[in-house]
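This report describes the fold of one protein chain. It covers the sheet, the helix packing and the aromatic pairs.

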Amino acid sequence: MAVWEVVQLTVAQGSEDDFESVFRSQLPILEEADGCLDLQLLRAVDREGVFLLLVLWQSMEHHTDVFVKTEGFTRFSTAVAPFFTAPPTPFHAITVIDGL
């Protein structure tokens with residue numbers, strides 16, 4: 001069953017554009033990850049420095065047991081971690097209603 005990885009990311013105020021640029025440069029790692037079906041990075045408009053990362057995985061195990069053990073995960077994490085002012089807050093969710 002497909003599962004969404006949902007992560008709140010908080011970066012230093014004023015570094016949002018740089019964070020987006022570095023994140024964009026790391027996109028191929030996520031896009032090519034085994035089991036990654038879709039992803040979105042949302043930027044809050046009413047809270048400075050807050051982003052929401054949504055990654056749709058083929059299964060939770062593709063994220064928790066496969067991706068996190070790859071060199072790509074290490075490279076991705078190393079590239080974006082310096083921007084964080086708080087630890088990322090992740091959880092996994094399934095779609096229960098889709099549409100308007």
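The text below takes the sheet, then the helices, then the aromatic rings and one further residue.

The model is predicted, so that local features require pLDDT of at least 70 and side-chain atom pairs count only at pLDDT 80 or more, while totals for chains, interfaces and linings use all residues. Residues are numbered from 1 along each chain as its sequence is written, and side-chain values use heavy atoms, with hydrogens and water left out.

**Sheet**

Four strands form an open sheet in the order E2-E3-E1-E4, with antiparallel pairing. Strands (E, at least two residues) and helices (H or I, at least four) are DSSP runs numbered from the N terminus, and two strands pair if DSSP finds at least two bridges between them. The edge strands, each pairing on one side only, are E2 (36-43) and E4 (89-93). Direction ignored, neighbouring strands of this sheet are turned by 15° against each other on average. Axes here are lines fitted to C-alpha atoms, for helices over the stretch in contact, and angles run from 0 to 180 degrees between N-to-C directions.

| Strand pair | Sense | Bridges |
|---|---|---|
| E2 and E3 | antiparallel | seven |
| E1 and E3 | antiparallel | eight |
| E1 and E4 | antiparallel | five |

Individual bridges can be followed across the sheet. Leu-39 has Val-55 in E3 as its bridge partner, and Val-55 is also the partner of Glu-5. Glu-5 in turn stands opposite His-92 in E4. Arg-43 is bridged to Phe-51 in E3. E2 and E3 form a hairpin with six residues between them, and Gly-49 in the turn has a positive phi of about 80°.

How many of the eight residues of E3 are buried? Seven are, so E3 is largely enclosed by the rest of the structure. Buried means under 20% relative accessible area, exposed means over 50%, and partly exposed lies in between (1.4 Å probe, protein chains only).

**Helix packing**

Two packed helices are described by the angle between their axes and the distance between the axes. The axes of helix H1 (residues 16-31) and helix H3 (residues 71-80) come within 9 Å and cross at roughly 175°. H1 is therefore roughly antiparallel to H3; angles over 145 degrees count as roughly antiparallel, those under 35 as roughly parallel, 65 to 115 as roughly perpendicular and the rest as oblique.

On the H1 side the contact involves Phe-19, Val-22, Phe-23, Gln-26, Ile-29 and Leu-30, which meet Gly-72, Phe-73, Arg-75, Phe-76, Ala-79 and Val-80 in H3. Contact means heavy atoms within 4.5 Å. By class, the contact of H1 with H3 has nine nonpolar, two polar and one charged residues. Ala, Val, Leu, Ile, Met, Phe, Trp, Tyr, Cys and Pro count as nonpolar, Asp, Glu, Lys and Arg as charged, and the others, Gly among them, as polar.

**Aromatic pairs**

The structure holds seven aromatic pairs. Rings of Phe, Tyr and Trp (its six-membered ring) pair if their centres lie within 6.5 Å; planes under 30 degrees apart count as stacked, over 60 as edge-to-face and the rest as tilted. The pair of Phe-19 and Phe-84 is tilted, because the ring centres are 6.2 Å apart and the planes stand at 55°. This pair links distant parts of the chain, with Phe-19 in helix H1 and Phe-84 in the loop between H3 and E4, 65 residues apart. Phe-19 counts as buried at 0% relative accessibility, whereas Phe-84 counts as partly exposed at 23%.

Trp-57 and Phe-67 form a tilted aromatic pair, 5.3 Å centre to centre with 35° between the planes. Trp-57 lies in strand E3 and Phe-67 in the loop between helix H2 (60-66) and H3, so the pair ties together parts that are ten residues apart in sequence. Trp-57 is buried at 0% relative accessibility, and Phe-67 is buried at 6%. Ring pairs also link Phe-19, Phe-23, Phe-51, Phe-76, Phe-83 and Phe-84 into a cluster.

**Met-60**

Met-60 is found in helix H2 and is partly exposed, with a relative accessible area of 37%. Leaving aside residues up to four places away in sequence, Met-60 touches Val-3 and His-92. The C-alpha atoms of Met-60 and Gly-35 are separated by 9.2 Å, and the two residues are 25 residues apart along the chain.
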